[in-house]
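Me: Please go through this model with me, from the chain as a whole down to single contacts.

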Amino acid sequence: MTAPTDKRTGQPLGADPVAEATRATEAAVAAFDAAVDTVEFAAVPAAPARTAGRAYTALNAVAALLLILLLAPVMLAVAVAVKLDGGPVFFRQARVGKGGTEFGMLKFRSMVVDAEARLAALAARNQGAGPLFKMCDDPRVTRVGAVLRRYSLDELPQLFNVVAGTMHLVGPRPALRREVDAYCTTARRRLAVKPGLTGLWQVSGRSDLSWAESIRLDAEYVQRWSPLLDLSILARTAGAVTRGGGAY
């Protein structure tokens with residue numbers, strides 16, 4: 001039996017035209033995003049993730065603890081420099097890890113204290129790829145922070161995240177929740193493994209990469225993961241950090 005309709009609008013009686021239009025728009029946007037994902041990442045195989053077990057996570061934690069002891073003088077010097085520049089030494093931010101679980105990621109503070117509050121005013125100057133926000137000359141970065149970012153020294157406290165088991169030494173970049181909410185299907189493969197202190201994204205260009213390139217690299221890492229691949233990336237990280245390319 002056909003539902004009665006309004007003779008003027010053709011809509012079923014009792015239907016909300018605004019709600020119907022909203023649902024239609026959302027469906028169209030979802031279909032468009034799926035089509036773009038299919039075309040843009042057609043070359044990325046949809047293979048199952050190869051993930052590390054608990055023993056490998058424990059091995060990462062031991063290696064991170066040894067690195068903390070080895071780099072303690074460097075980390076102390078950085079902490080003093082950040083403190084003298086004004087404000088707290090550490091910056092803690094919620095990031096999304098394996099399976100979409102949030103954790104508190106640690107960094108040496110490289111921006112002014114109210115950096116998050118200033119973000120909206122800088123949105124029009126975003127140079128980042130995809131949902132990322134990046135600026136080559138971000139006015140929120142402190143003088144000390146600019147040096148730390150160039151050589152990735154601000155990332156060293158993430159070694160404590162590795163000890164805690166929320167990160168690995170190698171893996172996809174730990175993302176913000178607002179970035180994950182904008183992920184396409186292919187990008188969500190990043191969440192199949194733990195994020196890393198370094199990864200294919202860092203040794204292949206860091207912020208100079210396009211969004212599509214960074215997703216392809218992380219999808220490739222998830223598919224090809226092995227301890228030998230991690231060792232290869234760790235060996236290449238020293239050179240990438242020393243060169244400082246794509247770091248801002």
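The questions below move from the fold to the core and then to one helix pair.

Reply: This is a predicted model, in which local features need pLDDT of at least 70, side-chain atom pairs count only at pLDDT 80 or more, and totals for chains, interfaces and linings use all residues. Residues are numbered from 1 along each chain as its sequence is written, and side-chain values use heavy atoms, with hydrogens and water left out.

Me: How many helices and strands are in the protein chain?
Reply: Helices (H or I, at least four residues) and strands (E, at least two) are DSSP runs, numbered from the N terminus. Along the sequence their order is α-α-α-β-β-α-α-α-β-α-β-α-α-α. The count is 10 helices and 4 strands.

Me: Which residues have the most contacts inside the largest nonpolar core?
Reply: Such a core is a set of buried (under 20% relative accessible area, 1.4 Å probe, protein chains only) Ala, Val, Leu, Ile, Met, Phe, Trp, Tyr and Cys residues joined through side-chain atoms within 4.5 Å. The largest has 24 residues, and the most contacts inside it belong to Leu159, Leu169, Leu200, Tyr221 and Ile233.

Me: What does Leu200 touch, leaving out residues up to four places away in sequence?
Reply: Contact means heavy atoms within 4.5 Å. With that exclusion, the partners of Leu200 are Leu217, Tyr221, Ile233 and Arg236.

Me: Which residues of helix 3 meet helix 2?
Reply: Helix 2 contributes Ile68, Leu69 and Leu70 to this contact. From helix 3 come Ala72, Pro73 and Met75.

Terms used:
Buried < 20%, exposed > 50% of the residue type's maximum accessible area, 1.4 Å probe, protein only.
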